[in-house]
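Here are a few notes to read alongside the model. Keep it open while you go through them.

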Amino acid sequence: MIRIILPLAIVAAMFIGPMYSYPSDNPVSGRSEQSIVTGDKFIGGVINCVRKLEIPLGKDCASEAVINNSKLPSQAMSLAAIISLAAAVIGIFGVLPFVGRLTSVVTMVAGLSVLGAMGLFLVTMMGTKTGLPAVQWGAYLTAGVALITTISGLSGMRGR
């Protein structure tokens, strides 16, 4: 059950959580404010394709978000979300005896892929003008849940 919930928690944290903020001018008040960008900008296409019951691969589901003149972080986050969704689906069939270990392996791969995508996101944010202080709690929550998912996959491979 935990190998179903954790990959879905990764996708939820990545989709809903605020990833970074940047200073912007508010035209109504005339003051400078912090604008927050959620993960919807990065994996919104994948979630929309899943809502339409389509396989989230191809140009229709691709992310177009650009950070520091690169689409690579958003593409990595989209791919990690797809792997996490696949891990959750395979986790449903994990009650069958021959699928049990495969569930653990796929769960571990999902956690590692999200950790890599979030690491790429953070390294890319280091190169921006706003830097690491602009990274919000959604990115850290996603990385934390990914770490727990990786640990869960590893413990499942031990037979627990």
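**Notes on the model**

1. Asn69 sits in the loop between α2 and α3 (helices are DSSP runs of H or I, at least four residues, and strands are runs of E, at least two, numbered from the N terminus). Its phi is near 60°, a positive value in a residue other than glycine. Asn69 is exposed at 77% relative accessibility (exposed is over 50%, buried under 20%, partly exposed in between, with a 1.4 Å probe and protein chains only).

2. Before going on: this is a predicted model, where local features need pLDDT of at least 70, side-chain atom pairs count only at pLDDT 80 or more, and totals for chains, interfaces and linings use all residues. Residues are numbered from 1 along each chain as its sequence is written, and side-chain values use heavy atoms, leaving out hydrogens and water.

3. Leu53 is found in the loop between α2 (40-51) and α3. Phi of Leu53 is also near 60°, positive in a residue other than glycine, and Leu53 is exposed, with a relative accessible area of 79%. Most residues other than glycine have a negative phi.

4. Now have a look at α5 (residues 137-157), which has 21 residues. Which side of α5 is buried? The buried residues include Gly138, Thr142, Val145, Thr149 and Gly156.

5. The buried residues of α5 pack against α1 (2-16), β1 (18-25) and α4 (100-126) (contact means heavy atoms within 4.5 Å).

Note on methods. The expected span of a helix is 1.5 Å times one less than its number of residues.
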